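The sequence and structure come next.

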Amino acid sequence: QVQLVESGGGLVQAGGSLRLSCAASGRTFSSYYVGWFRQAPGKVEREFVAAVSRGGGSTVYADSVKGRFTISRDNAKNTIYLQVNSLKTEDTAVYSCAAGNSLWISSYYERRRGYDYWGQGTQVTVSS
C-alpha cells in the first residue's frame, strides 16, 4: 500500500516557477515508477505530464512540457519532485502524482491504467 500527498502548488504569474512535491508512504516505494498527471479546468480527462522510473535513471515528458518541467525522485526521502518553469496560463490545472507497478513502457506510464495509487492533487494557477 502506498499513500501519496502532493504539495507546492499555488498562484504564480506566467513565466514563473514552482516546485511540486509528492511525499509517499510505504517501505516499498522504490519499487514503483511515479508519474505526474494534470486535470485542467473544465476537462474530464487527466493529461500525462511526466514520469520517472523506479531508480530515477529514466524520465519521460509530454511534448507540451518538455524543456520546461523536470521530474526527479529521492527514494531515501520517499519523495518525488516536479520542477515547473516558464509557466504558461495553459498549465493551470490540478496536478496529481501517481505510483505504478507495471512494466516501464509508454502504454503504462503515460496512461492512468498504469498506476495503482493516486494522490489528491495540488492546484497550480498561472495568471497572465
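The report below covers strand pairing, then a loop position.

This is a predicted model, in which local features need pLDDT of at least 70, side-chain atom pairs count only at pLDDT 80 or more, and totals for chains, interfaces and linings use all residues. Residues are numbered from 1 along each chain as its sequence is written, and side-chain values use heavy atoms, with hydrogens and water left out.

**Strand β9**

Strand β9 spans residues 93-100. Strands are DSSP runs (E, at least two residues), numbered from the N terminus. Seven of the eight residues in β9 are buried. Buried means under 20% relative accessible area (1.4 Å probe, protein chains only).

β9 pairs with β4, with β11 and with β10. Two strands pair if DSSP finds at least two bridges between them.

| Partner of β9 | Residues | Bridges | Sense |
|---|---|---|---|
| β4 | residues 33-39 | seven bridges | antiparallel |
| β11 | residues 122-127 | three bridges | antiparallel |
| β10 | residues 117-118 | two bridges | antiparallel |

Individual bridges place the residues. Tyr95 of β9 is the bridge partner of Arg38. In β11, Tyr95 has Thr122 as its bridge partner. Ala99 stands opposite Tyr117 in β10.

**Ser53**

Where is Ser53 found? Ser53 lies in the loop between β5 (47-52) and β6 (59-61). Is Ser53 buried or exposed? Ser53 is buried, because its relative accessible area is 11%. Ser53 touches Tyr33, Ser58, Arg73 and Trp104, leaving aside residues up to four places away in sequence. Contact here means heavy atoms within 4.5 Å.

Methods. Buried < 20%, exposed > 50% of the residue type's maximum accessible area, 1.4 Å probe, protein only. Helix = DSSP H or I, 4+ residues; strand = E, 2+ residues; numbered from the N terminus.
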